[in-house]
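Dear colleague,

Please find the structure below, together with its sequence. My notes on it follow directly after.

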Amino acid sequence: MSIIKRNNVKISGDGQTPMIFAHGFGCDQNMWRFIAPEFERDHRVILFDHVGAGRSDLGAYDQERYATLEGYADDVVEICEALNVENGIFVGHSVSAMIGALASIKSPKHFEKLVLVCPSPCYLNDGDYQGGFSHQQLEELLEFLDENHMGWSAQMAPLIMGNADRPELSEELENSFCRTDPDIARAFARATFLSDNRADLASVRTSSLVLQCKEDVIAGQQVGKYVEEHLPDARLALIDAYGHCPNLGAPDEVIKAMREFL
Amino acid sequence: MNVAYKNTMDDPEELFENAPCAYVSLHPSGRILRANQTLVDWLGYSKEELAGKSFHDILSAPGRIFYETHFAPLLRMQGFFDEVALDLSDASGTTLPVLANAREVRDTAGDTHSVRVALFRARQRRQYERELLEARRAAEKAREELAALNASLEERVENAVQKRIKLERGLWYERQTAKLREQFVAVLGHDLRNPLASIRSGAEILARDPDPEKREKVVTLMRSSIARMSSLIDDMLDLAASRLGKGMAVEMKAVELGPVIQQVVDEVVAGREAARVETQIDLPDPIECDEGRIGQLVSNLVGNAIDHGTEGEAVRVVSGCSNGVLTIRVTNAGGPIPPDVRVRLFQPFSRAEVRAHQKGLGLGLFIASEIARAHKGKLEVESDEKETSFLFKMPQKASQTATQTTKAT
């Protein structure tokens, strides 16, 4: 099984500098569809799906490997090795911001810069640290995952969506990009929300940009600030956007902040 | 604008406010722009309170994460979502399970102007779905348990069968051994009676015949009969000692083993016409062992090799000591030992059949292996189409050191 197929890697763009985009918990590489094309002009754009998400090879899913973020970080390193990525730019959303940070610690040569979109090193409240959620709330989330229809019903089989006013979505499959095998979703949620990577931040040597939304119920401003303060070489950009997915909700702001940083 | 409705119940405004589902319009930021009376009634907030809140505020904590990671992106990507399960949280903190449909309202530039959400109460349905899920999990678990049970059942049957086979094989061996033991006793009686008879007749001849030449011949015959009887009795005693669990007693001493082996070989050959044995013994240093027992072992192995070898082909005896291990290898030419014989080769009465007038009691290899064991050594057999070897190995480290010490002094 090639790594390219395993992670459904897609390469585009005319530039030399590699820019690798990693999606967060919940969806797949389509998360980047308003951002990635913008960088194709001057970068070698690499998109991929985490194993278990999108059109990755579900057969490659290994409960043990993907029980922690380390396994996902190993995948990122393997993708970079397979594509000879050196001194590239890593753009990670949500949990993939931390996955990228871990990958840069494991193998610093691949990335010259990290763009961390709505990162959180720990979602749990712990003493003075306000991750945003109590342990009970996170446990409830894991239960709640099972109650949603995503993935359970056979009706979720791909449907072609005719969307005349948004031709770029014409081949998009309804609901499918957020569709995950329920067992995998639960394991990924566990790896994501119960991890604590605060201690790893100090080991990140790569120059980083923290993209923080004004209002983000998942990773609040205090979390973004924490990440910036604990990374040895980071700057924070507060963008005028709401929610946890500015890459979809406010792509222009994200692109602008990235351009300034790069 | 103010259309006069016959009945206020037909007023669209009234329909919006008191619809059988909750409506809420959201600013792209998630702030509640407008909510209908139904939602107000469900949640227990006033209209004014609701208008100041964000959609997140009326979702349970897990619902909030799920909304942000799954449904908000979905809404942005495809402009809508349908049949999404959410948990609302009312003013008192009580959870209100709902199903939600949502549509983005976009301006001409394609940017989100607002989001319209319709919420349907779904307590029963969600409960039902939860039960379905539980049933599905229970079924899954039962299936796994069944599979595990099946696997363990197969394993248990396999174990029972193996045990039974072992038991039966053991019983069969026991029966065979019992039969052989009876034959053995008969043969022993026979074999002891024969030399005894010849001694008796020898004694009678001696008593009445004064011819010295004849007397000497008779005495030689009598001696050989006595030797044969005493060898049979020694084997019996060795067997008895081993069987009683005491093991074989050995008296360890440092000896020049080379000449001992050569002498035993010569004796065995002397008793057998046409037997040819080649020896290659390289034992310059003294060996710590029971000289008599090792002699007995060599005698048994060489006798055996001659009896079962190919006529005209020499038996080879090779002995040496290297890396602290004494080895004595006795090889003859001949066909391979059948596997079933091989398994029981070193057990007493291992012969397929005990016949009268055979050359021994079938205890030779058993006694040899007991001697090896008493020396903390091993007796092994290698057998192929061309030849069969018995290899005796015995550790010599301590005595080597002793030898060196002796040499040094």
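Lys106(A) is partly exposed, its relative accessible area being 37%; here buried stands for under 20% relative accessible area, exposed for over 50%, and partly exposed for what lies in between (1.4 Å probe, protein chains only). Lys106(A) forms a salt bridge with Asp74(A), with 3.0 Å between the closest N and O atoms; the term denotes a side-chain nitrogen of Lys or Arg within 4 Å of a carboxyl oxygen of Asp or Glu. This pair links distant parts of the chain, 32 residues apart: Lys106(A) sits in helix α4 (residues 95-106) of chain A and Asp74(A) in helix α3 of chain A. Asp74(A) is also partly exposed, at 26%. Helices (H or I, at least four residues) and strands (E, at least two) are DSSP runs, numbered from the N terminus.

As to provenance, this is a predicted model, in which local features need pLDDT of at least 70 and side-chain atom pairs count only at pLDDT 80 or more, while totals for chains, interfaces and linings use all residues. Residues are numbered from 1 along each chain as its sequence is written, chains are lettered from A and ligands numbered from 1 in the order in which they are written, and side-chain values use heavy atoms, with hydrogens and water left out.

Over all chains, the structure holds 28 salt bridges. One of them joins the side chains of Arg65(A) and Glu78(A) at 3.0 Å, N to O. Arg65(A) belongs to the loop between β3 and α3 (69-82) of chain A, and Glu78(A) to helix α3 of chain A, 13 residues apart. Both belong to a network of salt bridges that links Arg6(A), Arg65(A), Asp75(A) and Glu78(A). In chain B, Glu17(B) forms a salt bridge with Lys47(B), with the closest N and O atoms 2.6 Å apart. Because Glu17(B) lies in helix α1 (residues 12-17) and Lys47(B) in helix α3 (residues 47-51) of chain B, the pair ties together parts 30 residues apart in sequence. Glu17(B) is buried at 13%, whereas Lys47(B) is partly exposed at 29%.

Turning to the strands of chain A, four of the five residues of β3 (residues 44-48) are buried. Strand β1 (residues 10-12) of chain A pairs with β3(A) in the antiparallel sense over three bridges; strands pair if DSSP finds at least two bridges between them. Ser12(A) stands opposite Val45(A) in β3(A). Strand β2 (residues 18-22) of chain A runs parallel to β3(A), joined by five bridges, and Ala22(A) stands opposite Phe48(A).

Chain B has eleven helices and twelve strands, and 40% of its 409 residues count as buried. Five of the strands form an open antiparallel sheet in the order β2-β1-β5-β4-β3 (chain B). Strands β2 (32-35) and β3 (80-89) of chain B stand at the edges with a single partner strand each, so one side of each has no neighbour in the sheet. Strand β1 (residues 22-26) of chain B is joined to β2(B) by three bridges, and Leu26(B) stands opposite Ile32(B).

Lastly, the surface of chain B carries a nonpolar patch formed by Leu153(B), Val157(B), Val161(B) and Ile165(B), with about 310 Å² of accessible area together. Patches are made of residues with over 30% relative accessible area and no salt bridge, like charges being joined within 9 Å and nonpolar side chains (Val, Leu, Ile, Met, Phe, Trp, Tyr) within 5 Å; accessible areas come from the Shrake-Rupley method with a 1.4 Å probe, and for residues only the protein chains shown count as cover. Ile165(B) is placed in helix α5 (residues 123-208) of chain B and is partly exposed at 36%.

With kind regards
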